[in-house]
Amino acid sequence: MATAPPLNIVRLDDTHLVDDFGCGKSKLNSSIKRFAREHANLGFSVTWVATSGTDVAGYVTVSASAVPVEDFPAEMVEGLGIPAKFAAPTLHIGRVAVANGHRGTGLGPKLMWHAFDIAIDAHSSLGLGVYGVDLFIEDLDLLEKFYKQFDFFAIDPEGKHLFVHLETLRQAKGL
Amino acid sequence: MQDKLKTAAKPTEAFADCSKPPQTFEVIRGDGARRLLECAKTPPAPSQRLIDSAKKS
């Protein structure tokens, strides 16, 4: 029996075949088919795909986001020496999806850690202190089924906007 | 001027879709910002599950 070739996570480009991507969620399917490349061209986001060549087994889309200091409660930032115009950078995960044939292989966590590593690298290379990773979920069941394993916690009343601190991720990697 | 803007700013389909929150460029405000700052002051230690996940990936 032939062994499946190993998957590499690389930046989505024109050589990748995305038209047949299917993960059971129409929004996630259409996102990579219709928008991922154009959003990358426009500089909105970057999509990373897990692939052994041209077929796509899964993907994660990331972009920059930020928390303006002016939105922090004043009493909490007093005395910290943070400039008023500063914005605490975060990495935003827009989409993450695993194709039907690759479920249960651990690819979802691999893609999540790829995004986390980007945040960790940005923190060390830019020196701006990427603050953490945030994302939105539409299906609250996914919080328990998937995202809680990464120590995400909700930061909005509805429980759909999730966040994990960069230091938590760094410690998990032993950094 | 308005007409000029209408014709000039013809977004692509992707651009139009991206303007709908909460896909990108989301700003974290209010209680969310408070929780983030609390978290920044004392970042939570990773769970064993997260540590295991980091080792596997």
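## An exposed lysine in chain B

At 65% relative accessibility, B:Lys55 counts as exposed, a word used here for residues with over 50% relative accessible area, whereas buried stands for under 20% and partly exposed for the range in between, all with a 1.4 Å probe and the protein chains only. B:Lys55 is found in helix 4 of chain B, where helices are DSSP runs of H or I with at least four residues, strands are runs of E with at least two, and both are numbered from the N terminus. The C-alpha atoms of B:Lys55 and B:Cys39, which are 16 residues apart along the chain, are separated by 24 Å.

This is a predicted model, in which local features need pLDDT of at least 70 and side-chain atom pairs count only at pLDDT 80 or more, while totals for chains, interfaces and linings use all residues. Residues are numbered from 1 along each chain as its sequence is written, chains are lettered from A and ligands numbered from 1 in the order in which they are written, and side-chain values use heavy atoms, with hydrogens and water left out.

## The two chains

Chain A has five helices and seven strands, and along its sequence they follow the pattern β-α-β-β-α-β-α-β-α-β-β-α. Of its 175 residues, 49% are buried. Among the contacts in chain A with a separation of 6 or more, 65% are between residues 24 or more positions apart, a contact being heavy atoms within 4.5 Å.

Chain B, by comparison, has four helices and zero strands, running α-α-α-α from the N terminus on. Buried residues make up 28% of its 57 residues, and its accessible surface comes to about 4100 Å², of which carbon and sulfur atoms hold 56%.

## The nonpolar cores

A nonpolar core is a set of buried Ala, Val, Leu, Ile, Met, Phe, Trp, Tyr and Cys residues joined through side-chain atoms within 4.5 Å. The largest one has 33 residues, and the members that touch the most others are A:Ile93, A:Met112, A:Phe116, A:Val133, A:Tyr147 and A:Phe152. At least two residues of this core come from each of strand 3 (56-68), strand 4 (87-98), helix 3 (107-126), strand 5 (132-136), strand 7 (161-165) and helix 5 (166-172) of chain A, and likewise from helix 4 (48-56) of chain B. Helix 3 of chain A gives the largest share, eight residues.

Not counting residues up to four places away in sequence, A:Ile93 touches residues that include A:Val60, A:Val62, A:Met112, A:Phe116, A:Val133 and A:Leu135.

## Helix 4 of chain B against chain A

In helix 4 of chain B, the residues B:Leu50, B:Ile51, B:Ser53 and B:Ala54 are buried. They cover an arc of only 160° around the axis, and therefore lie on the same side of the helix, the arc being that of the directions from the helix axis to the C-beta atoms. On the other side of this helix, B:Lys55 and B:Lys56 are exposed.

The buried residues of helix 4 of chain B pack against helix 3 and helix 5 of chain A. The axes of helix 3 of chain A and helix 4 of chain B come within 9 Å and cross at roughly 90°, which makes the two helices roughly perpendicular. Here axes are lines fitted to C-alpha atoms, for helices over the stretch in contact, with angles from 0 to 180 degrees between N-to-C directions; 65 to 115 degrees counts as roughly perpendicular, under 35 as roughly parallel, over 145 as roughly antiparallel and the rest as oblique. Where these helices meet, A:Pro109, A:Lys110 and A:Trp113 face B:Leu50, B:Ser53, B:Ala54 and B:Lys56 in contact.

## Around B:Pro46 and A:Thr168

B:Pro46 lies in the loop between helix 3 (30-41) and helix 4 of chain B and, at 15% relative accessibility, counts as buried. Its contacts, leaving aside neighbours within four places in sequence, are A:Asp151, A:Thr168, A:Gln171, A:Ala172 and B:Ile51.

A:Thr168, in helix 5 of chain A, is buried with a relative accessible area of 2%. A:Asp151 counts as buried at 18% relative accessibility, and its phi is near 65°, a positive value in a residue other than glycine.

Key. Accessible areas come from the Shrake-Rupley method with a 1.4 Å probe; for residues, only the protein chains shown count as cover.
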